[in-house]
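Trainee: I would like to go through this model with you, one feature at a time. Shall we begin?

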Amino acid sequence: AGAGRLVAIEGRAGIGKSRLLQEARVIAGEASLTVLTARGGELEQDFAYGVVRQLFEPVLAAASSDERSELLDGPAELAATLFGKVESTLDDDADVSFGVLHGLYWLAANLALRRPALILIDDLHWSDGPSLRWLTHLQRRLDGLPLLVVVGTRPPDQSQMEIRLTEILGDPGASIVRPSALSWESAAVLTREQYGRDPHEAFVDACWSATRGNPLLLQALLDTLRREEIEPTADNAEAVLEIGPEPVTRAVSLRLARLPAEARLLARAVAVLGGRTELRHAAALADLDMGLASHTATTLA
């Protein structure tokens, strides 16, 4: 209807952001919208305009010569050179000229004016700086365009681009959706669906307590319990807390592998001592001095 806006789905890992973006994509497809998608990557944050390229390169590559000329017509031509070169790395403010930003805005506008469009960006907190600069530029100019931007992101303090992400989420025109954790009742429903019968309350208690209602963790836990043939009885409630869901194990192992060796040592020490242990005790067990342990704890957080 020409009332473009930005909707941000903000929440911690596993809370359901990606699933909501998938549902938005389905709705957009049913409405015959043009859909552009991208996803930020933790290891691609130094790749200039990486998210922007994900959004527009497939469209430009599939377009005929006439369609490409139409999309890059007028001010959008300022962005044309961006899709003919690849920068390996750059600083946040490097090569982010107003001309390029405005050209990209008009490229998005030209697409939306041909047919109402949806831009979906998942893991926005891992986006590169220039792409976030462009999104800020676009966000201020959405009114009057048949263009909806939906992004999924963790809280800004979990991003290397905290200030830029805060600027996007704090814009008065942005709509923020913050999914909450699943309730105990919801955990019971998912457990019942997984097993095909009513689970014991103690078993549900254990599942909910182990995951704190995080949808991703709860589903991974239930999948693992079912695969291990652990039935949803009161006697098996204690066993729930001893099970480590494989998808969670892989994800945590991958993140730890990218950190210095002392991070893994400190993480193991905390796991042994319990989540509420004092840093000085974990540091002693990991054989780390307090200065290094404090820095490592911040990195882990």
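Trainee: Which residues of helix α6 are buried?

Mentor: This is a predicted model, in which local features need pLDDT of at least 70, side-chain atom pairs count only at pLDDT 80 or more, and totals for chains, interfaces and linings use all residues. Residues are numbered from 1 along each chain as its sequence is written, and side-chain values use heavy atoms, without hydrogens and water. Helices are DSSP runs of H or I with at least four residues, strands runs of E with at least two, numbered from the N terminus. Taking buried as under 20% relative accessible area (1.4 Å probe, protein chains only; exposed is over 50%, partly exposed in between), the buried residues in α6 (162–169) are Arg164, Leu165, Ile168 and Leu169.

Trainee: Is glutamine 45 buried or exposed?

Mentor: Glutamine 45 sits in the loop between β2 (34–39) and α2 (50–62). Leaving out residues up to four places away in sequence, glutamine 45 touches (heavy atoms within 4.5 Å) His125, Trp126, Ser127, Asp128, Gly129 and Gln160. Its relative accessibility is 8%, so glutamine 45 counts as buried.
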